[in-house]
Amino acid sequence: MPAPQRFWAFSAVVTAIALSVMDSSVANVALPTIARDLHATPASSILTVSAYQLAIVVSLLPLAALGDIYGYRTIYLSGVVVFTLASLGCALSGSIDTLIAARAVQGFGASGIMSVNAALIRYIFPQNRLGRALGYNALAISISATIGPSFASLVLSFASWPWLFAVNFPLGVLGFVIGVRNLPWSVRSGHRFDILSAALTATTFGLLVIAINSASRDAPAWLLTLQVLFSALAGIWMVRRQLGVPAPLLPVDLLKVPLLALSAGTSVCTFVAQMSAFVALPFYMQSSLGLRATTIGFLIMPWPLAVGAVAPVVGRLADRYQPAIISSIGLSMLATGLIFLSLMPHNPGIVNVSWRMALCGGGFAMFQATNNRTIIAAAPKARSGAASGIIGTCRLLGQATGAALVALMLADLPKHGAQDSIFLASVFAGTASVISVFRRTTLSAG
């Protein structure tokens, strides 16, 4: 694409992905206020978060497949429209049931955006700039996920909770208009959409996420067993149905590529580590280190700031050097930073916390941009949507697992659960680093 159009197309993509990722966390801060204003129980208010996340999980891969069939631009713009209108619906909700329904619809819109995010970037930028573009995209995702709670607190300090969703409307309209004018058309595949495979995919991943959340909430053993069993049965049926299909909805054809499969495993482990740290750190800092709640948000900021500083640079390096090496170094940095965080002295100073956070953020940035580039570049261009779906699915499964692990640790080890969770996060980051190293062997063998 010519440079001016490339800039505006990328701006549309980044705006939409930032809004959809940020909305995964902004509602968390407002849950007590929402419950009070809508006369709902705390458990009902939590469903506003769960409905959004579950809608994304069950629809991400089917929408990525539709992107391959009907074009990534079409799925993206449809996702922006649904997300924007559903955000307005959330802002106008007068009951908890209406809000939950609107959040579920909003989740489907966000899934349309996330499912083709990386695939669109592949059509916007030439191959020799793909790593740099994905680096900036990773920067937008990481910062959006991190500043979501702070943004929500800022809005709630001078406005009511509906404004958390209302602010999406003008930005969504802006993103849609820019997208219509500038987003590129992609090559469409000739295969038909497999409705049964879509249903099996939704059942497999939906029940898996529900089971992970059930485990974190100490659900009855029989219920957890049934959820895992039916998820496994649907998954087996799904995989058997996909084998031998030229362009399967569940991209088993891509996961047969060792480089791509290892990159997906690296991604899941890393996002388990990231989410475990983000969930456990506030508990650890407040209860174990004696830090005030008002200062914790500021102490976490060096992580996203480091991502912002490192991601664009790493994106350029990924276009020139082996991504596996860069990613492994970054994951080693992340694991080391998490170990140092878990061993902080009581009541540490700002500098003591900040350099550890910055080490984690810099390491995470080195992983994300290079890993996403590897997954996208390893797939045929006509299967870019499926590869983009793999990126989103790995992120969501890793984050759901990380949050559930912290909940289990806090329940079973109330005194040291948060600190142990951060150390466990370092183990996952170290495991991801080892898996990433094997990608270099795979490349050499190829």
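Predicted model: local features only at pLDDT ≥ 70, side-chain atom pairs only at ≥ 80, totals over all residues.
A residue counts as buried when its relative accessible area is under 20%. By that criterion S436, at 0%, is buried.

**S436 in helix α19**

- S436 belongs to helix α19, which spans residues 417–445.
- Leaving aside residues up to four places away in sequence, S436 touches T266, A324, S327, S328 and L331.

**Helix α13 against helix α17**

- Helix α13 covers residues 258–288 and helix α17 covers residues 350–378; the two pack at an angle of about 155 degrees, with their axes 10 Å apart.
- Angles over 145 degrees count as roughly antiparallel, and α13 and α17 are therefore roughly antiparallel to each other.
- The crossing of these two helices, α13 and α17, is left-handed.
- On the α13 side, the contact is made by L259, L260, S263, A264, T266, S267, T270, F271, Q274, L281 and M285.
- On the α17 side, the contributing residues are V353, M357, F364, F367, Q368, N371, T374, I375 and A378.
- Sorted by class, this contact of α13 with α17 comprises 12 nonpolar and 8 polar residues, with no charged residues.

**Helix α13 against helix α16**

- The axes of α13 and helix α16 (residues 323–342) come within 12 Å and cross at roughly 25 degrees.
- Angles under 35 degrees count as roughly parallel, so α13 is roughly parallel to α16.
- The crossing of α13 and α16 is left-handed.
- The contact of α13 with α16 contains 8 nonpolar and 3 polar residues, and no charged ones.

**H39 in the loop between α2 and α3**

- H39 has a positive phi of about 55 degrees, although H39 is not a glycine.
- The residue H39 lies in the loop between α2 (26–37) and α3 (42–70).
- Exposed means a relative accessible area over 50%; H39, with 75%, is therefore exposed.

How values were computed: Residues numbered from 1 in each chain as written. Heavy atoms only, no water. Axes fitted to C-alpha atoms, helices over the stretch in contact; angles between N-to-C directions. Helix = DSSP H or I, 4+ residues; strand = E, 2+ residues; numbered from the N terminus. Parallel < 35°, antiparallel > 145°, perpendicular 65-115°, else oblique. Left-handed = near helix turned anticlockwise from the far one by under 90°. Contact = heavy atoms within 4.5 Å. Nonpolar A, V, L, I, M, F, W, Y, C, P; charged D, E, K, R; others polar. Buried < 20%, exposed > 50% of the residue type's maximum accessible area, 1.4 Å probe, protein only.
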